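Please open the structure in a viewer and keep the selection tool at hand.

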Amino acid sequence: MQPSASSPAPSPAPAPAPHFDERLTAPRSWWLIAGLLGLSGGLVMFPLGTVPMLGGLIVAAVLAGAAVSSYGSARIRVVAGSLVAGDARIPVSALGAVEVLDAEEARAWRMHKADPRAFMLMRSYVSRAVRIEVTDPSDPTPYVYLSSREPEALAGALEAVRAGAGD
C-alpha cells in the first residue's frame, strides 16, 4: 500500500497580537500567606500523626494557592478591536472617553462615586485604574472601571485601536 500524498492542512491564521495585555497577579505577600495557611493546615492535623499532618499541609496549601491564583488571574487585553477584561468582551466602537485615574481618584470611583450598574474589575492591591465610558445606547452599563498598573498604556492602546478603526 502506497502512502497517500496529501497536502498539509492549512494552518489557522495566527491570532492578532494584542495592543495591550496585562495580568493583575496577586502580590508576593499573598503567596506567603497561602504558604502559611498550608502550614497551619499541617499543624491542625499534627496530633493525628505524620501522614494526616502531611495530608493537611498539602490540602490546605493547594486550596489556598488555588484561591490566590484564581483571584490573581484577572487579565485585561485590547485585541482584535475589543477590550477584554476578565470575562467581559466589549468592542472598542462601543466605548467612549477614557479617563486615567491616579490612586486618589481611583479610590473615589471605587467608593462614593461608584455606580452600581458599572462593570468593575477591581483589585485592592492595584492602586491606579482607568474609567471608560460605554456609549452603546442598548447597554445599561454607564462605564467600565479597570484596575491597572499601566493605565496610560491601556488608554493609549484603546485610542490607537479607535484611530486605526477610523482609517
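The model is predicted: local features need pLDDT of at least 70, side-chain atom pairs count only at pLDDT 80 or more, and totals for chains, interfaces and linings use all residues. Residues are numbered from 1 along each chain as its sequence is written, and side-chain values use heavy atoms, with hydrogens and water left out.

Select Trp30 and Tyr71 first. Their ring centres lie 5.6 Å apart with planes at 20°, so the pair is stacked (rings of Phe, Tyr and Trp, the latter by its six-membered ring, pair with centres within 6.5 Å; planes under 30 degrees apart are stacked, over 60 edge-to-face, the rest tilted). Trp30 belongs to helix H1 (residues 28-45) and Tyr71 to helix H2 (residues 50-71) (helices, H or I, of at least four residues and strands, E, of at least two are DSSP runs numbered from the N terminus).

Trp30 and Tyr125 form an edge-to-face pair, 5.0 Å centre to centre with 80° between the planes.

Now show Arg123, whose charged end sits over the ring of Tyr71, 4.2 Å from its centre (NZ of Lys or CZ of Arg within 6 Å of the ring centre and within 35 degrees of the ring normal).

Finally, select Leu121 in strand E6 (residues 119-121). Leu121 is buried at 9% relative accessibility (buried is under 20% relative accessible area, exposed over 50%, partly exposed in between; 1.4 Å probe, protein chains only).
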